[in-house]
Amino acid sequence: FLLQLGVLNRKRDWKESQPGTPFEVKTPLLDKFLESLPFHLTEAQNKALAEILRDLQKPQPMSRLLQGDVGSGKTVVATAALLLSAANGCQGAFMAPTEILAEQHFSTLCRLFSGICQVESEDNLYRFHGILSRPLTVGLLIGDVRQLKKGEIHRQLEQGEIDIAIGTHALIQKGVE
């Protein structure tokens, strides 16, 4: 009990000491994205998304774990939150435990976004025109990326040119800003 109280106290202190960036929920953008999906969100997915959107509007950082069975729709809920992050001028990261899973998520997000706009692509980088007032850029950063391309992705991340970075632990390695 005392250990749990200590953990909760540290979490509260962390949340209160961290600056947060409240997001404006761009309902037309989210509606456009959700309507472009080849399926309707389930009640549980809608509930999870609503809770995440509520958290993102607060001036404190969000600390949330989205969990569910394989195929339960976690990726589409996370994608909607990442889209909102980009619409608010922030970068987002989607980290997967393996390169194969990161590549699958990259492919899935790109397929979901391509349903509502024009696509321009190059190695490990997709730009979507027509979602935001500027191109939405999604990049893939995994250990298997050639060193030259990796350096270019690092530069684009640091410059804020990539809105959504998908990858493995390579996203949190030294040199990634």
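Predicted model: local features only at pLDDT ≥ 70, side-chain atom pairs only at ≥ 80, totals over all residues.
Biologist: Let's start with cysteines. How many disulfides does a search of the whole structure find?

Modeller: The general idea comes first. A disulfide is a covalent bond between the sulfur atoms of two cysteines. Here, the search of the whole structure finds 0 disulfides.

Biologist: Is Cys 117 buried or exposed?

Modeller: Cys 117 is buried, because its relative accessible area is 15%, and buried means under 20%.

Biologist: On to charges. How many salt bridges does the structure hold?

Modeller: Side chains of opposite charge can pair when their charged atoms come close. This structure holds 9 salt bridges.

Biologist: Take Arg 155 and Glu 152. How far apart are N and O in their salt bridge?

Modeller: The N to O distance is 2.8 Å. Both residues sit in helix α6, which spans residues 147-158. They are 3 residues apart, so about one helical turn separates them. Arg 155 is partly exposed at 35% relative accessible area. Glu 152 is partly exposed too, at 29%.

Biologist: What does Arg 12 pair with?

Modeller: Arg 12 forms a salt bridge with Asp 13. Their closest N and O atoms are 3.3 Å apart. Arg 12 counts as partly exposed, with 44% relative accessibility. Asp 13 is partly exposed as well, at 38%.

Biologist: Which residue forms a salt bridge with Glu 51?

Modeller: Arg 64 does, with the closest N and O atoms 3.2 Å apart. This pair links distant parts of the chain. Glu 51 is in helix α3, while Arg 64 is in the loop between α3 and α4, 13 residues apart. Glu 51 is partly exposed at 24% relative accessibility. Arg 64 is also partly exposed, at 38%.

Biologist: Which residues are linked with Glu 51 in a network of salt bridges?

Modeller: Asp 55, Lys 58 and Arg 64 are linked with Glu 51 in that network.

Biologist: Where is Leu 66 found?

Modeller: Leu 66 is in the loop between α3 and α4. It is partly exposed, with 31% relative accessible area. Leu 66 and Ala 48 are 18 residues apart along the chain, and their C-alpha atoms are separated by 7.8 Å.

Biologist: Last, the surface. Which residues form a nonpolar patch there?

Modeller: Phe 1, Leu 2, Leu 5 and Leu 8 form the patch. Together they have about 500 Å² of accessible area.

Biologist: Is Leu 2 buried or exposed?

Modeller: Leu 2 counts as exposed, because its relative accessibility is 69%, and the cut-off for exposed is over 50%. Leu 2 is found in helix α1, residues 2-17.

Note on methods:
Residues numbered from 1 in each chain as written. Heavy atoms only, no water. Patch = residues over 30% accessible without salt bridge, like charges linked within 9 Å, V, L, I, M, F, W, Y side chains within 5 Å. Areas by Shrake-Rupley, 256 points an atom, 1.4 Å probe, with all protein chains shown as cover. Salt bridge = Lys/Arg side-chain N within 4 Å of Asp/Glu carboxyl O. Helix = DSSP H or I, 4+ residues; strand = E, 2+ residues; numbered from the N terminus. Buried < 20%, exposed > 50% of the residue type's maximum accessible area, 1.4 Å probe, protein only. Disulfide = S-S within 2.5 Å.
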